[in-house]
Amino acid sequence: MGNFGNLIMNENMKIFRRPRTWIMLSILALISLLMPVLLNQGMGSSEVPYWQAAITTVQIVFFLNTIFCVVIAAEAVAGEFTWGTIKLLLIRPWSRSKILASKYLTVIGFSILSTLLVVILATVMSYILFSHSVTQDGSGASASHAFALWGYLYVDLFITLAIAFMVSSVFRSGALAIGLSLFIMFTQNLFSLIFNPVRYEWAKYVLFNNMDLSRYMDSAADYGLLDDGNAGMTLGFSIAVLAVYYVIFMLISWVVFNKRDVAG
């Protein structure tokens, strides 16, 4: 266990000793602090609840957060081949499975850190600038609503990172991993609209149709532009589908990395 801890520490050093990592985190922090200020100038602070401002800020900044995390995940394995350090890593007295696990856990750790950074700074700045009062009818954003939404956003990020990590491990290409992940981010809603489960029964099992869990926060919300609600899909169903895809992505990553002659 101590050796594995050293592996994780080594992977974290690789990430955090690079100036670009701190630049990315600084950009996230700066935008998380500035966005509530811009919202305050545009909407005012007398009636807008601070949780609503925090939710809006996180939703905006989270897109950039996903991109930065994907960059880290894409180069976790592919970067070793690019820099020519993979052979030095494999001659150490660690199994390939442990090496890959340490890289993946480090990627997840970075994503949690960056997400917490965005959430905390956005919430604190919104708390300072916006109203603390509750709407008369009791509606509007609340802490439970905010954290539920942010949790669903992180699930989307979590699956996207799994895809990026798998592509990085299988194809040894950071550029391909980043490009494919960005493609999924930009076209997710488009494919969900084209392959709508209301029209196609099999579409319920398509990855794109299950990544956005936030739509289940409003049980009355319809799916896409068509009627019939969520076509029988529930939060539990989507989580189960995502879990199956996640296991497949991880199995592919581990099997290929362990079987392929990566030292060649």
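**Pockets and a cavity**

Author: Helix α6 gives the most to the lining of the largest pocket, namely seven residues. The model under discussion is a predicted one. The volume of this largest pocket is about 500 Å³. In total, 20 residues line the largest pocket, and those nearest its centre are Phe 63, Leu 153, Asp 156, Gln 188 and Asp 212. Three helices each supply at least two residues of this lining: α3, which covers residues 50-83, α6, which covers 143-171, and α7, which covers 174-194. Sorted by class, the lining of the largest pocket holds eleven nonpolar residues, seven polar residues and two charged residues.

The second largest pocket has a volume of about 260 Å³. Its lining draws two or more residues from each of α1 (2-16), α3 and α4 (86-90). Of these, α1 gives the most, with three residues. The residues that line the second largest pocket are Asn 10, Met 13, Lys 14, Arg 17, Arg 18, Glu 80, Trp 83, Thr 85, Leu 88, Leu 89 and Arg 92. By class, this lining comprises five charged, four nonpolar and two polar residues.

A search of the whole structure finds one cavity of 30 Å³ or more. The volume of the largest cavity is about 100 Å³. Two or more residues of its lining come from each of α1, α3 and α5. Helix α3 provides the largest share of the cavity lining, with five residues. The residues around the largest cavity are Glu 11, Lys 14, Ile 15, Arg 18, Ile 72, Glu 75, Ala 76, Glu 80, Trp 83, Lys 103, Thr 106 and Val 107. They divide into six charged, five nonpolar and one polar. Lys 14, Arg 18, Glu 80 and Trp 83 line both the second largest pocket and the largest cavity.

Helix α5, which contributes to the cavity lining, also meets another helix. The axes of α2 (residues 19-43) and α5 (residues 96-129) come within 9 Å and cross at roughly 25°. Because angles under 35 degrees count as roughly parallel, α2 is roughly parallel to α5. The crossing of α2 past α5 is right-handed. On the α2 side, the residues in contact include Leu 25, Leu 28 and Pro 36, while those on the α5 side include Phe 110, Leu 117 and Met 125. The residues of this contact are 14 nonpolar and five polar, with no charged ones.

Terms used: Residues numbered from 1 in each chain as written. Predicted model: local features only at pLDDT ≥ 70, side-chain atom pairs only at ≥ 80, totals over all residues. Heavy atoms only, no water. Axes fitted to C-alpha atoms, helices over the stretch in contact; angles between N-to-C directions. Helix = DSSP H or I, 4+ residues; strand = E, 2+ residues; numbered from the N terminus. Parallel < 35°, antiparallel > 145°, perpendicular 65-115°, else oblique. Left-handed = near helix turned anticlockwise from the far one by under 90°. Contact = heavy atoms within 4.5 Å. Nonpolar A, V, L, I, M, F, W, Y, C, P; charged D, E, K, R; others polar. 1 Å grid on protein atoms, 1.4 Å probe; cavity = no way out; pocket = protein on both sides within 12 Å on 5 of 7 lines; lining within 4 Å. Points joined across faces, edges and corners; volume = space filled by probe spheres on them.
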